[in-house]
Amino acid sequence: MIYKNKSKHKMKQAGYLLKLGVLLLVTGCSTSTPSKWENINEKGAFLVYRRQSLIGKETYSITSTKDSIIVKSLQGENERGRITGVEAELHLDINLNPSSYRNRRITKNDTIVNLEVKKTADGISVWEKNRDFVKKENRDFFPVHSNIPAGVEMMLYQYYFKQGGTGSIPTLPRGEITMNFIQKDTVQIKGEKVPLKRYVVEGINWGGRTIWVDEVNNLVALVKANTQIREYIKEGYEEAKPFFVQGNVEEEMAALSKFTKDLKGTQAKVKAFVGGNIVDGLSNTAKEDMTLIITDGTISKIGKRSEVEIPEGAEVIDVKGKILIPGLWDMHAHSNQVDWAPAYLAGGVTTIRDNGNELEFATSFRDAIAKEGAIGPDILLAGMTDGAGIQGNGVVRARTVEEAKKVADLYFSNGYKQIKIYSSVSSELTKVLAEEGHKRGMSITGHVPKEIGNARGAIDAGMDMLSHRSRILTVLFPGKTVKELGSYYINENDISQKQIDEAIAYLLKHKTVLDPTIALDVARAMTKGSVLEAIEPFSDRIAYELFEGKRFRTGLSAKRAETAKADYIKAMGILGQFYKAGVPIVAGTDNIVPVFGLYLELETYQKYGGMTPLEAIKTATIVPATAMGLGDKTGTLEIGKEGDIAILDKNPLLDISNIRTVSAVVTNGNYYKSNPLWKAADFKPAE
């Protein structure tokens with residue numbers, strides 16, 4: 001639904017926003033809210049950070065009479081050069097009960113409504129972007145969505161405390177929220193100690209967000225994550241950002257500890273999986289009626305059930321009728337909250353490469369699993385860095401040779417396996433990062449930098465792995481940049497077999513590993529108004545907090561969707577030729593939906609890339625394991641390798657879509673049952 005914005009004032013406001021990317025309209029920031037809600041006239045601002053890099057500002061105002069309260073918010077962002085704005089308005093009565101809410105995105109000429117909720121004579125009307133429906137009902141509510149502005153969120157908490165400050169409160173369009181008091185904190189602001197209260201709030205984004213309120217319950221800071229970590233900090237408190245970042249890490253690790261306590265249980269040192277069929281990841285046949293024994297996390301025996309002696313004291317697990325395959329890998333993960341841990345395992349994923357995250361969270365998450373035995377997949381880290389300018393991503397930058405060397409030291413000293421180069425790194429510094437990373441034994445992955453523009457240039461500069469098929473396939477057009485080629489250059493160009501063969505020879509010569517994230521293209525090519533289960537069955541099961549950004553797709557027009565689909569189908573056919581010629585291709589999702597995106601990736605490899613089911617499975621098992629230098633330890637089911645196993649109900653060698661039938665998983669020898677509904681409570685400990 002698009003509303004034409006004909007007001008000259010609004011147009012001027014939107015233009016100002018789009019020009020600057022931030023709003024400088026704040027006149028002050030009150031430090032407390034009056035005890036009564038009558039006759040308020042307050043203004044304030046929150047600074048907006050993405051991966052700790054300042055990208056914008058939200059200004060808000062709260063005004064009231066003796067009968068009603070109006071909260072207005074205006075947020076401007078310049079996020080990697082994408083300048084956007086969001087305007088929101090919330091109306092409440094003097095008892096903080098909402099009567100209407102509208103949130104809309106500001107563009108150059110129009111405004112696009114994200115969410116509109118209002119009380120009417122016959123109930124509550126709800127309109128949501130990308131959802132062609134209006135529902136009406138009568139109940140208490142507060143309007144909440146994953147991108148709720150901080151100024152409105154502040155009133156949500158005031159409403160919560162007024163309702164008693166315990167239990168849960170219902171929200172619209174869906175769900176409920178709860179607040180869990182954690183502790184009292186003190187931060188240093190301009191040399192003075194300021195007392196705050198820390199809470200973890202659940203029900204807004206997937207997992208918990210950590211928030212801090214002052215002594216009269218005004219919101220001061222929040223750290224949230226769905227597909228990325230963001231920090232919102234009230235202006236005047238920004239010097240405490242490191243404290244807020246670390247506080248969120250502490251709460252995430254506490255949640256992971258609880259998952260582990262609730263789900264892991266007591267694990268036997270020796271486990272015998274008896275009577276199942278084994279797809280070892282090497283052979284194109286399933287070995288039937290087998291026994292596989294894991295001792296201290298390592299596969300110690302594999303053989304016919306009738307021939308393998310089960311050690312005394314072993315835990316015997318009947319897997320008759322089940323299929324055991326190597327644990328799956330996701331090579332393009334962005335696991336920004338610990339809820340990913342049980343979700344990945346529930347879907348049979350036992351190893352991920354986290355492809356760009358906040359260092360404090362990523363290292364703590366990895367170490368909790370690797371060193372403390374927390375529940376979750378093994379995590380390999382690729383540390384992201386970007387270059388100078390407003391289009392840069394994150395707080396870790398390589399703008400000079402000296403900074404590039406410091407980046408390499410930073411990630412090496414924290415145990416990272418790779419440096420991930422992002423789009424704004426210069427050609428010169430790409431070479432420096434590659435040299436410095438290689439000196440330290442790290443490989444180089446990431447995007448083709450814009451200044452280089454072509455996959456061959458990035459590889460020549462020292463990159464070992466490349467992400468995203470639209471950048472990867474520029475290898476077919478030496479000397480041309482992504483910008484010159486255009487959006488759908490694969491579909492729009494005649495590509496000869498000679499071009500493909502020359503590209504294959506080049507990639508093989510340089511031993512380049514490719515991470516196409518083709519399922520992301522499949523999702524992005526959906527028509528307007530579609531929901532994700534149209535291409536990935538059962539994705540309607542995801543946690544409701546993910547519905548907005550994951551299940552409900554903005555989509556394309558029918559004509560453009562057809563072009564986009566033709567482009568990725570043709571591209572996948574070329575990538576299939578690359579793979580069959582020996583070019584390593586690894587499966588990765590880039591955050592479509594936890595795990596479901598990986599199933600879609602593998603299915604697309606078979607459907608449009610001409611891969612056999614075994615070849616598709618290898619892109620998520622032995623190929624990534626080998627690419628990361630771990631092929632001798634994991635990636636296949638062989639004696640002496642780690643006990644990482646996905647247990648399926650159906651044989652994926654008969655149909656790769658059977659990969660979706662995961663019923664249990666073994667990671668490092670720990671056994672769990674699965675129920676992939678993407679709530680931690682739905683992931684069951686072994687019985």
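In helix H2, the buried residues are Ala150, Gly151, Val152, Glu153, Met154, Met155, Leu156, Tyr157, Gln158, Tyr159, Tyr160 and Phe161. The model is a predicted one, and the points below keep to what was computed from it.

- Since 12 of the 13 residues of H2 are buried, this helix is largely enclosed by the rest of the structure.
- H2 covers residues 150–162, and the distance from its first C-alpha to its last is 18 Å, close to the 18 Å expected at 1.5 Å a residue.
- Just after H2 comes Gly164, which takes a positive phi of about 125°.

**Nonpolar cores**

- The largest nonpolar core has 143 residues, and those with the most contacts inside it are Phe244, Leu256, Phe365, Leu473, Leu476, Phe578 and Tyr605.
- Helix H15, which runs over residues 558–580, supplies the largest share of this core, namely 9 residues.
- A second, separate core has 43 residues, including Ile69, Leu90, Val117 and Leu156; Leu156 is also one of the buried residues of H2.
- Once its neighbours within four places in sequence are left aside, Phe365 is in contact with Met253, Leu256, Ser335, Gln337, Val338, Ala341 and Ile379.
- As general background, nonpolar side chains tend to be buried together in soluble globular proteins.

**Cavities and the cis peptide bond**

- A search of the whole structure finds 3 cavities of 30 Å³ or more, and the largest cavity has a volume of about 60 Å³.
- The lining of the largest cavity is made up of Val144, His145, Thr171, Pro173, Arg174, Gly203, Ile204, Tyr544, Glu545 and Glu548, and these residues divide into 4 nonpolar, 3 polar and 3 charged.
- Pro173, one of the lining residues, is joined to Leu172 by a cis peptide bond whose omega is near 15°.
- Pro173 has its place in the loop between strand S11 (168–172) and strand S12 (176–189).

**Helix H7**

- The 13 residues of helix H7 (residues 427–439) should span 18 Å at 1.5 Å a residue, and the end C-alpha atoms of the helix are 19 Å apart, which agrees.
- Leu429, Thr430, Val432, Leu433, Ala434, Glu436 and Gly437 are the buried residues of H7, and what covers them includes strand S24 (378–385), helix H6 (401–413), strand S25 (418–421) and strand S26 (443–446).
- H7 is followed by Gly441, which has a positive phi near 85°.

**Positive phi in residues other than glycine**

- His468 has a phi near 75°, a positive value in a residue other than glycine, and its place is in the loop between strand S27 (465–467) and helix H9 (469–472).
- With a relative accessible area of 13%, His468 is buried, because the cut-off for that class is under 20%.
- Asn591 likewise is not a glycine and has a positive phi, of about 70°; Asn591 is found in the loop between H15 and helix H16 (596–609) and counts as buried at 7% relative accessibility.

- Arg551 is found in helix H14 and is buried, with a relative accessible area of 14%.
- Arg551 and Ser530 are 21 residues apart in sequence, and their C-alpha atoms are 8.6 Å apart in space.
- Not counting residues up to four places away in sequence, Arg551 touches Ser530, Val531, Leu532, Glu533, Ser539, Asp540, Ile542 and Leu546.
- Phe552 is found in the loop between helix H14 (547–551) and H15, and is buried with a relative accessible area of 5%.
- With the exclusion of residues up to four places away in sequence, Phe552 touches Glu128, Asn130, Arg131, Arg174, Ser530, Val531 and Phe547; of these, Arg174 also belongs to the lining of the largest cavity.
- The C-alpha atoms of Phe552 and Ile310, which are 242 residues apart along the chain, are separated by 49 Å.

**Thr291 in strand S18**

- Thr291 lies in strand S18 (residues 287–295) and counts as buried, at 1% relative accessibility.
- Apart from its neighbours within four places in sequence, Thr291 is in contact with Phe273, Val274, Gly275, Lys301, Ile302, Gly303, Lys304, Arg305 and Val308.

Technical notes:
Residues are numbered from 1 along each chain as its sequence is written. This is a predicted model: local features need pLDDT of at least 70, side-chain atom pairs count only at pLDDT 80 or more; totals for chains, interfaces and linings use all residues. Side-chain values use heavy atoms; hydrogens and water are left out. On a 1 Å grid over the protein atoms alone, a cavity is a set of points where a 1.4 Å probe fits but cannot get out, and a pocket is an open set with protein on both sides within 12 Å along at least five of seven lines; lining residues have an atom within 4 Å of a point. Grid points are joined across faces, edges and corners, and a volume is the space filled by probe spheres set on the points. Ala, Val, Leu, Ile, Met, Phe, Trp, Tyr, Cys and Pro count as nonpolar, Asp, Glu, Lys and Arg as charged, and the others, Gly among them, as polar. A nonpolar core is a set of buried Ala, Val, Leu, Ile, Met, Phe, Trp, Tyr and Cys residues joined through side-chain atoms within 4.5 Å. Buried means under 20% relative accessible area, exposed over 50%, partly exposed in between (1.4 Å probe, protein chains only). Helices (H or I, at least four residues) and strands (E, at least two) are DSSP runs, numbered from the N terminus. Contact means heavy atoms within 4.5 Å. The expected span of a helix is 1.5 Å times one less than its number of residues.
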